[in-house]
Amino acid sequence: MGRADLLGTVESQLAAGGSVILTGSSGIGKTAIVDAVGAAAIARGERVLRVAGAETDRWISNAGLADLLSQLPLSYLAELPEPQRVAVDAVLLRGPPGGAGSRARLARRLAWQALLERCADDGPVLVLIDDAQWLDAASADVIASASRRIGSSNVRAVVAERWPEYGEAGKTEPEYGDAASRVSRRTNLWRVSLPRTGQPARAAALAPNPVLEIAVPPLAADDLADLLDLYELPARAASKVQADSGGNPYLALALGGAFADRTSAAWRPLPLPQRLHALLRDRMAALPDDVRETLLLAALATRPTVELLLRAGRTEAERDIRVAAAVGLLVTDGSLVRFTPPAVATVVAESATAAHRSAVHTALAAVVTDAVDRTRHRALASADPDAEVARSIVTAAEEARRRGARGMAAELYLLAADRTPPELAAERLEWLVAAAEVGAAASRSEIVTRAADAVISADSLPAHRVRVRIALIDLSGQALADMDETFAAALADADDDPALTAPLRLRLAWQAMIDGHPLRGEPEADKAVDLAHAVGDTTTEAMALAVKAQLSRVLGRSDYVSLLDRALALPQPALDGLLHLTPRYLAARFAVFDDRLEVAREDLFRMLALVERGGGEELVGVLRSLSEVSASRGRCRDALDFAGRAIRVAQEAGLSPGPAWYTGAVAELAGGSITRAAAYAERGCRASEQERDAIHLARNLHALGQAKLRSGDARGGVATLRRIRALELGQGVAEPTVVRWHSDLAAGLVAIGELAEADATILSARSAIAHRTHNAGVVARLDRAEALLRAERGDIDSAAALLGAAARRFELLGQPIERGHTLLVAGQVERRRRRYAAARAAMGEALAVFTGVGAKPWVEQATRTLALVDGAVTDTIPAQLERVDSVKAAAGASGVVVAGLTITEARIAAMVREGASNREIATRMFLSVKTVEATLTRIYRKLGVRSRTQLSSKLGGD
């Protein structure tokens with residue numbers, strides 16, 4: 001899965017008579033590739049001989065050779081000269097034991113070479129050697145000898161070798177091969193686990209020349225997502241597994257299997273599966289002491305880097321990190337070290353004694369440059385309760401919190417609680433609550449759940465229990481619909497206390513809005529405003545007013561501006577992980593909806609500077625908005641970059657993936673790939689449905705509908721966009737400036753001939769935005785869709801006028817991609833007017849616009865469309881229009897009425913009359929076959945015919 005390009009490279013090398021060496025860390029997928037190559041060779045009729053090394057067999061002489069010999073016909077073995085046949089019989093245990101001397105060794109070498117040449121006489125031979133690092137030395141000697149001397153290009157090999165790991169200290173294997181290729185386990189080339197340049201020594205000796213080495217890379221995110229679909233994981237869990245596995249399919253499947261067995265919420269932390277824990281422990285045990293010591297320092301450090309490890313005295317840190325990376329324990333990002341999965345750090349720490357860990361923390365405290373980090377290490381160096389130490393840790397936590405380093409702050413609050421003596425029980429509970437609240441802002445689920453469980457199970461105050469339950473609610477992200485039990489428990493503890501109830505009512509308003517019930521959310525927001533105002537909680541009051549403004553806007557009301565102004569007039573909430581829910585952030589989002597993109601961009605950049613260190617939901621929210629603004633402004637590279645960062649942060653923190661995947665789809669539609677956009681949107685729809693996130697379900701459906709329309713699946717795109725209309729009707733939403741699906745649906749409806757529904761869609765959207773001050777962007781989109789409708793009805797001149805006005809609007813708004821899209825449609829309309837020079841000019845201008853902003857998928861579409869006008873394809877649109885005229889003329893001469901056919905229907909009818917198949921028609925008109933079939937059904941109904949033959953006859957065909 002996800003190895004098509006790599007398999008193509010392997011097949012090309014084999015087809016040229018060469019061999020391939022596959023290298024990579026354990027679990028990266030080498031065996032799967034060997035399997036696929038072998039299956040393809042068998043399908044071609046080639047002889048495939050396969051052997052797989054095993055650690056338990058590596059000391060059994062000739063074990064691998066025996067496996068290979070057993071796959072050959074007995075008649076071939078019988079043809080060997082007697083000395084060679086005797087040697088083969090000894091290997092297969094069918095005769096007396098063979099000797100260990102040089103004569104027996106030579107006989108085995110000659111026999112294997114002769115057998116390969118005999119097989120090559122019958123046709124191509126492919127030798128597959130998997131796990132070559134475990135192949136016994138005697139077998140390796142025989143195979144290497146034949147590989148050096150074989151004279152037939154019909155014999156090739158694919159050898160898969162794990163990047164060698166440190167083995168058992170002091171053990172050696174017999175050497176094999178001649179002096180030029182001889183390698184021993186005593187040499188570092190075989191013993192040290194490092195990725196190498198050049199061919200691995202053992203694997204290179206086993207494969208006939210020419211040899212191509214391929215390092216098998218981690219699976220891409222999309223391919224890993226497809227792999228995890230096997231477990232039908234919740235999308236949020238699958239997204240987290242992708243990040244934790246580092247693209248290693250074995251790790252991904254092991255973690256995915258553990259998630260598949262769980263019953264708790266996807267955002268709760270999961271213990272490392274026992275099988276995976278044992279595997280990682282074994283890998284650690286196989287490493288030498290100095291590498292394990294370096295890994296221990298990295299595991300206990302707050303932010304491990306190579307530079308920090310060097311300062312701590314690990315002079316071979318770079319080598320040690322490469323060794324650990326080769327066996328799949330970690331990855332590096334520049335000098336930053338990241339364990340894969342992150343739980344590896346726990347396994348590493350558990351492998352050391354308490355005294356050893358204490359010494360390492362002491363050493364790290366001496367070399368870290370940050371005072372907060374130094375306090376953390378000093379506290380971790382001793383597990384004894386100490387009031388003074390606990391308070392010093394809290395001081396450090398508060399400093400980290402002020403800096404925006406909330407993950408560190410949450411860890412320190414929890415550490416302070418752990419170091420608190422019994423006589424400070426009240427302070428301990430406060431620090432646990434702080435750990436939960438700050439941890440939720442940093443999306444540190446393991447800290448939040450541990451602190452919340454400790455508070456709820458203790459003899460704590462109701463206020464403490466309400467606060468930690470609010471932290472759990474905030475941690476759930478978009479999955480608020482799953483938090484009913486937590487809400488009920490928190491409301492019971494709040495007992496109508498307005499200070500405690502106000503923040504809960506605010507979150508109930510969020511829950512209703514996300515769940516697709518904005519009308520239910522309004523009274524909750526009203527209660528939150530009143531309760532918060534009564535107790536002077538301006539933070540909750542401001543955010544509740546922001547929710548009311550958002551609800552007012554999506555419900556089509558006009559008071560959202562005054563509501564937002566009231567929210568902005570209050571003291572702004574502290575930056576404590578909820579920036580994405582504040583009036584300030586909502587004001588930037590409203591600027592996006594109003595097409596005031598430059599204002600939004602400036603505000604968002606200021607916010608990004610404030611939250612970049614904090615991470616979590618607020619960082620993802622700002623990055624997502626910057627990506628969407630960049631896509632609208634035609635800054636495609638920026639859009640892809642911001643979207644990629646948002647997706648990475650969401651995955652690593654285990655956040656709801658639907659919002660970030662939507663942003664990825666939007667960025668890909670602008671400057672990436674339609675296929676990737678569709679993949680992101682489909683996954684975003686699935687994630688949003690699982691979490692009952694109606695907001696991002698509609699947005700992902702919009703992106704998916706656009707992707708389908710632009711890839712030629714007009715009927716599929718229309719069906720997808722109709723789902724949004726149904727959702728919004730059920731919710732009472734009446735705001736076309738937020739999710740701008742109306743114009744896209746109308747354009748799709750025109751493409752499939754549903755003109756009346758297209759007209760109604762446009763009229764409905766125009767009515768909804770009539771009272772909006774900032775509606776130019778939506779108006780221009782609707783104008784473009786209406787131009788398509790008018791052109792389809794034959795009113796070409798007014799369609800061209802609408803498109804000209806829309807293009808000017810987009811230019812004034814600073815939205816080059818939308819302007820280019822409009823010019824592209826204008827070129828198509830000019831083509832219908834048979835003004836081919838004007839059509840070429842409009843399409844050429846569109847192509848120049850798309851090229852200038854790096855809108856790759858639009859460049860491809862414009863190039864393809866322009867080629868039609870320039871005659872680069874055989875069946876041009878002008879030629880199709882000429883055939884439409886001929887259809888109408890022939891029909892008129894025979895008395896057939898065709899006035900009821902749209903232009904698209906008439907074009908299809910013309911091609912049917914000429915004998916074109918549905919697929920040929922679809923290709924010529926950039927439609928799907930299903931769309932052509934549906935259009936033909938309407939044509940049959942309108943003209944009263946029941947078949948292609950009857951249609952052709954009625955239109956005057958042969």
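Reply: Buried means under 20% relative accessible area, exposed over 50% and partly exposed in between, with a 1.4 Å probe and protein chains only. By that rule Phe850 is buried, with a relative accessible area of 0%. This is a predicted model, where local features need pLDDT of at least 70 and side-chain atom pairs count only at pLDDT 80 or more, while totals for chains, interfaces and linings use all residues. Residues are numbered from 1 along each chain as its sequence is written, and side-chain values use heavy atoms, with hydrogens and water left out.

Me: What share of the chain is buried?
Reply: Of the 958 residues in the chain, 57% are buried.

Me: And how many helices and strands are there?
Reply: The chain has 49 helices and 7 strands. They are DSSP runs numbered from the N terminus: helices are H or I with at least four residues, strands are E with at least two.

Me: What box do the C-alpha atoms fill?
Reply: Roughly 95 × 95 × 40 Å, taken along the principal axes.

Me: Back to Phe850. Which ring does Phe850 pair with?
Reply: Rings of Phe, Tyr and Trp (its six-membered ring) pair if their centres lie within 6.5 Å; planes under 30 degrees apart count as stacked, over 60 as edge-to-face and the rest as tilted. The count comes to 4 aromatic pairs. In one of them, Tyr560 and Phe590 have ring centres 5.4 Å apart and planes at 90 degrees, so that pair is edge-to-face. Phe850 pairs with Trp858: the centres are 5.3 Å apart and the planes at 25 degrees, so this pair is stacked.

Me: Is Trp858 buried or exposed?
Reply: Trp858 is buried, with a relative accessible area of 6%.

Me: Where in the chain do Tyr560 and Phe590 sit?
Reply: Tyr560 is in helix α29 (residues 560-569) and Phe590 in helix α30 (residues 583-593), so the pair, 30 residues apart, links distant parts of the chain. Both residues are buried. Together with Phe593 they form one aromatic cluster.

Me: Which charged end sits over the ring of Phe590?
Reply: That of Arg553, 5.0 Å from the ring centre. A charge sits over a ring if NZ of Lys or CZ of Arg is within 6 Å of the ring centre and within 35 degrees of the ring normal. The charged end of Arg683 also sits over a ring, that of Trp661, 4.4 Å from its centre.

Me: Change of topic: how many cavities of 30 Å³ or more are there?
Reply: There are 6. On a 1 Å grid over the protein atoms alone, a cavity is a set of points where a 1.4 Å probe fits but cannot get out, and lining residues have an atom within 4 Å of a point. Grid points are joined across faces, edges and corners, and a volume is the space filled by probe spheres set on the points. The largest cavity holds about 280 Å³.

Me: Which residues are closest to the centre of the largest cavity?
Reply: Of its 18 lining residues, Val554, Ile695, Arg699, Val733 and Val738 are closest to the centre. Helix α36 gives the largest share of this lining, 4 residues.

Me: What lines the second largest cavity?
Reply: Its lining includes Trp661 and Arg683, the two residues of the charge-over-ring contact above.

Definitions and conventions
On a 1 Å grid over the protein atoms alone, a cavity is a set of points where a 1.4 Å probe fits but cannot get out, and a pocket is an open set with protein on both sides within 12 Å along at least five of seven lines; lining residues have an atom within 4 Å of a point.
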